[in-house]
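Here's a quick briefing on a protein model. Take a look at the sequence and the 3D picture, then read on.

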Amino acid sequence: MLRSLLGAGVYLGLVGVIGVALGAVLRSVAGGISVLVAGLMLIPGLLSLLPTVWRNDITPYLPSNAGEAIFTLHRTAGMLSPGNGVLVLLAWTVLALGGAARRLVRSDA
């Protein structure tokens, strides 16, 4: 239970960092929010249109599913372990922060 509570806080904190990084990459608050919402809610739903073999290989590594693996109490088949979920979500965060840093260095006003 404690892992689930702490994991939910870690997940929400990292999603917030990803959102700020996307805003810096796009130089638009509304654009960053839109891309974040699409990445967390829209893309997982659209993956249901893919063949099952591809869907089962891709969906555990999406940020929303990796975050769910961090704070869920009962794992289902195909779900990452909590440790792997943290690592995948950290990788998404580092990727977004790297893009934001590159954008700020190359085109800062």
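A residue counts as buried when its relative accessible area is under 20%, as exposed when that area is over 50%, and as partly exposed in between (1.4 Å probe, protein chains only). This is a predicted model, where local features need pLDDT of at least 70, side-chain atom pairs count only at pLDDT 80 or more, and totals for chains, interfaces and linings use all residues. Residues are numbered from 1 along each chain as its sequence is written, and side-chain values use heavy atoms, with hydrogens and water left out.

**Helix α4**
- Helices here are DSSP runs (H or I, at least four residues), numbered from the N terminus.
- Helix α4 covers residues 63-71, and its buried residues are P63, S64, A66, G67, A69 and I70.
- The cover over those buried α4 residues includes α1, α2 and α5.

- With 26 residues, α5 reaches 37 Å from its first C-alpha to its last. That is close to the expected 38 Å, a span worked out as 1.5 Å times one less than the number of residues.
- G85, V88, L89, T93, A96 and A100 are buried in α5, and the buried residues of this helix pack against α1 and α4.
- Leaving out residues up to four places away in sequence, T93 touches L14, V17 and I18 (contact means heavy atoms within 4.5 Å).

**Nonpolar cores**
- A nonpolar core is a set of buried Ala, Val, Leu, Ile, Met, Phe, Trp, Tyr and Cys residues joined through side-chain atoms within 4.5 Å.
- The largest one has 13 residues, and Y11, V15, I18, L36, L40 and L89 have the most contacts inside it.
- Two or more residues of this core come from each of α1 (2-26), α2 (29-46) and α5, with α1 giving the most, seven residues.
- V15 is in contact with L36 and L40, if you set aside its neighbours within four places in sequence.
- There's also a second, separate core of five residues, including A66, A69, M79 and V88.
- In soluble globular proteins, nonpolar side chains tend to be buried together.

**The loop residue R27**
- R27 lies in the loop between α1 and α2.
- R27 has a positive phi of about 55°, although it is not a glycine.
- Most residues other than glycine have a negative phi.
- R27 counts as partly exposed because its relative accessibility is 40%.
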